[in-house]
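Let's take a walk through this structure together, one piece at a time.

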Amino acid sequence: PASFTGLDRWFDNMAPLLADNLWHYSCYDIDKALKQSIGGGQRYLITSIGLRSSTDDGSVKAFHIDEFSITSNPRTVAQIMAPAKPSGVSLSNITVSMSSSVASDNDKESTLLEITFSTAVCSHNFALMTLNTSANDSDTTLTVSRKQAASEAVQGHVELQVTGGGSVSIPHTITADQLKACLETLPELGNVTVTYEGNDDLACSGGRWEVSYDTKAGDLHVLGLSTHNLTGTNVTVNITEMQTGGLFLYPIPGDMLSAVEREPQVVVSVNGIPASCNLGIGQSSIQATKSTPCSFYYSKEHSPHVYSFSPVAGNGGDMITISGKGFSWILSENEVLFGSTACEV
């Protein structure tokens with residue numbers, strides 16, 4: 001009805017989460033909880049139901065729902081068939097493949113069943129499967145063999161250290177967000193981005209964490225492996241530098257683009273930054289030496305020479321005669337300075 005006011009109501013402990021890796025059935029009286037919350041005797045309309053789980057620190061915990069139902073009468077849930085639990089451990093990701101063949105010498109048919117599974121928790125040392133042969137034909141032979149045994153779960157910590165800096169101890173089950181928080185406690189690294197690739201179940205096996213430095217520039221100190229006490233089957237730990245950091249310059253200053261030249265070069269600076277010459281298309285630096293304005297030549301015959309000048313002393317405004325050769329016939333191209341004072345030619 002339009003008279004109803006939309007309100008969100010969250011109720012705690014609807015279904016307690018137990019960290020035992022087992023399925024549990026819980027029943028919650030929503031009608032009773034709503035009437036206690038909004039007051040008895042009021043009508044209510046439920047438009048949506050959401051489920052969430054959080055810890056005391058506000059972080060979200062993952063949980064799985066197998067079945068959800070709303071009913072006015074209590075329900076009884078019973079397990080019809082118990083799942084296979086070798087050594088009391090639940091299995092997951094079970095695959096079965098079958099192949100048949102006929103022997104050429106006796107025409108007997110052979111059937112091969114390959115069963116592959118992983119565990120819901122980190123378990124190993126399973127007993128070899130056995131077969132019930134009571135209902136089999138006497139001419140049938142059944143054998144069971146193990147192709148690969150489950151490996152022991154990884155346990156322990158790894159000590160990461162920055163050269164000349166601090167160190168952090170991380171468990172093998174650390175997530176990308178947790179590793180980011182640990183590394184950012186080291187001032188030498190600054191802010192980082194961490195991504196994870198590998199098995200979703202970190203508690204059983206490891207993976208690959210990739211760290212990128214976001215705020216610290218240059219070739220930073222690479223994280224080093226100080227010590228580790230990891231246990232398991234053939235456990236190895238290594239750190240690989242994927243890309244060396246450096247200083248990014250844009251545009252690149254001209255003095256970083258210097259090249260070998262056969263002729264003297266004019267150096268032009270703009271705002272204190274040396275500029276580079278623009279070469280002709282398809283020309284190398286040496287080929288373009290004579291066609292670009294950066295190259296210059298010194299010729300004694302074409303350079304001005306002063307033989308004498310008079311008077312050798314005088315006052316401001318006096319006329320001075322300079323004798324020599326190599327002067328330009330165009331008066332404006334001749335420049336005469338006494339110290340920093342320009343003269344009229």
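Start at Glu-197, which counts as partly exposed at 49% relative accessibility. Here, buried means under 20% relative accessible area, exposed means over 50%, and partly exposed is whatever falls in between (1.4 Å probe, protein chains only). Before going further, a word on where this comes from: the model is predicted, so local features need pLDDT of at least 70 and side-chain atom pairs count only at pLDDT 80 or more, while totals for chains, interfaces and linings use all residues. Residues are numbered from 1 along each chain as its sequence is written, and side-chain values use heavy atoms, with hydrogens and water left out.

Back to our residue. Side chains of opposite charge can pair when their charged atoms come close. The side chain of Glu-197 meets that of Arg-208 in a salt bridge, with 3.6 Å from N to O. (A salt bridge is a side-chain nitrogen of Lys or Arg within 4 Å of a carboxyl oxygen of Asp or Glu.) Glu-197 lies in strand E5 and Arg-208 in strand E6, so the pair ties together parts that are 11 residues apart in sequence. Helices (H or I, at least four residues) and strands (E, at least two) are DSSP runs, numbered from the N terminus. Arg-208 is partly exposed, at 35% relative accessibility.

A search of the whole structure turns up one aromatic pair. The rings of Tyr-196 and Trp-209 have their centres 5.0 Å apart and their planes at 50 degrees, so the pair is tilted. Tyr-196 sits in strand E5 (residues 192–198) and Trp-209 in strand E6 (residues 207–213), so to speak linking distant parts of the chain, 13 residues apart. For the rules behind that label, rings of Phe, Tyr and Trp (its six-membered ring) pair if their centres lie within 6.5 Å; planes under 30 degrees apart are stacked, over 60 edge-to-face, and the rest tilted. Tyr-196 is partly exposed at 24% relative accessibility, and Trp-209 is partly exposed with 28%.

How many salt bridges does the structure hold? There are four. One of them joins Glu-114 and Lys-147, at 3.2 Å from N to O. This pair links distant parts of the chain, with Glu-114 in strand E2 and Lys-147 in the loop between E2 and E3, 33 residues apart. Glu-114 is partly exposed at 30% relative accessibility, whereas Lys-147 is exposed at 71%. Another joins Lys-180 to Glu-184, whose closest N and O atoms are 2.6 Å apart.

An α-helix has 3.6 residues a turn, so residues three or four places apart point the same way.

Now for the outside. Ten names make up a nonpolar surface patch, among them Ile-94, Val-96, Met-98, Leu-113 and Ile-115, and together the patch has about 940 Å² of accessible area. Patches are made of residues with over 30% relative accessible area and no salt bridge; like charges are joined within 9 Å, and nonpolar side chains (Val, Leu, Ile, Met, Phe, Trp, Tyr) within 5 Å. Accessible areas come from the Shrake-Rupley method with a 1.4 Å probe, and for residues, only the protein chains shown count as cover. Strands E1 (91–102) and E2 (109–119) each supply at least two residues of the patch, and the largest share, three residues, comes from E1. Met-98 is found in E1 and is exposed, with a relative accessible area of 62%.

Finally, step back to the whole protein. The protein has two helices and 13 strands. Of its 345 residues, 11% count as buried. Its accessible surface comes to about 27,800 Å², of which 52% belongs to carbon and sulfur atoms.
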